[in-house]
Amino acid sequence: MNHYETVFILNPVLSDEQVKETVKKYEDFLISKGAKMINKENWGLKKLAYPIQHKKSGFYNLFEFQVDGEVIEPLELLFRREERMMRYLTVKLDKHAVAWAEKRVKRNKEKA
């Protein structure tokens, strides 16, 4: 099982309920494929660095998970088919990135 991190941006015209529904859809997909969810973060509505699809903001979300590598391609295929999805990026984390992610989660919990 490899360690991955996915950040995706959803369309800003969605309601909070639609955003939660879309995030839950992808979380359920990963779990159904045997993924172990390590961390899930909702970064909220953020301004984009440049317009995407004539939009200047979007709802950012992050998933950190462990899963077999063959699950990534079907996940990204679902992302490409989703009308609500503006951008996504999935990266495989090495041991240094995993350690950094753990520190980030710990720091965020201390702030809360």
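Me: Why is Trp-43 called partly exposed?
Reply: This is a predicted model. Trp-43 has a relative accessible area of 34%. Buried means under 20% and exposed over 50%. The value lies in between, so Trp-43 counts as partly exposed.

Me: What makes Tyr-60 count as buried?
Reply: Tyr-60 has 16% relative accessibility. The cut-off for buried is under 20%, so Tyr-60 counts as buried.

Me: Why is the aromatic pair of Trp-43 and Tyr-60 called stacked?
Reply: The distance is 6.4 Å centre to centre, with 25° between the planes. Ring centres must lie within 6.5 Å to pair, and planes under 30 degrees apart count as stacked. Both values pass, so the pair is stacked.

Me: Which parts does this pair tie together?
Reply: Trp-43 lies in strand S2, residues 36-52, and Tyr-60 in strand S3. The pair therefore ties together parts that are 17 residues apart in sequence.

Me: How many aromatic pairs are there by this rule?
Reply: The count comes to seven. One aromatic cluster is formed by Phe-8, Tyr-26, Phe-63, Phe-79 and Tyr-88.

Me: Which residues have the most contacts inside the largest nonpolar core?
Reply: Among them are Phe-8, Leu-30 and Phe-63. This core has 19 residues. Strands S1 (2-10) and S3 (55-67) and helices H1 (16-32) and H2 (72-81) each supply at least two. H1 gives the largest share, five residues.

Me: What does Phe-63 touch, leaving out residues up to four places away in sequence?
Reply: Its contacts include Tyr-4, Phe-8, Val-23, Tyr-26, Leu-30 and Met-37.

Me: Which residues does the second, separate core include?
Reply: That core has five residues, including Ile-9, Leu-48, Tyr-60 and Met-86.

How values were computed:
Residues numbered from 1 in each chain as written. Predicted model: local features only at pLDDT ≥ 70, side-chain atom pairs only at ≥ 80, totals over all residues. Heavy atoms only, no water. Core = buried A, V, L, I, M, F, W, Y, C linked by side-chain atoms within 4.5 Å. Buried < 20%, exposed > 50% of the residue type's maximum accessible area, 1.4 Å probe, protein only. Helix = DSSP H or I, 4+ residues; strand = E, 2+ residues; numbered from the N terminus. Contact = heavy atoms within 4.5 Å. Phe/Tyr/Trp six-rings, centres within 6.5 Å; stacked < 30°, edge-to-face > 60°.
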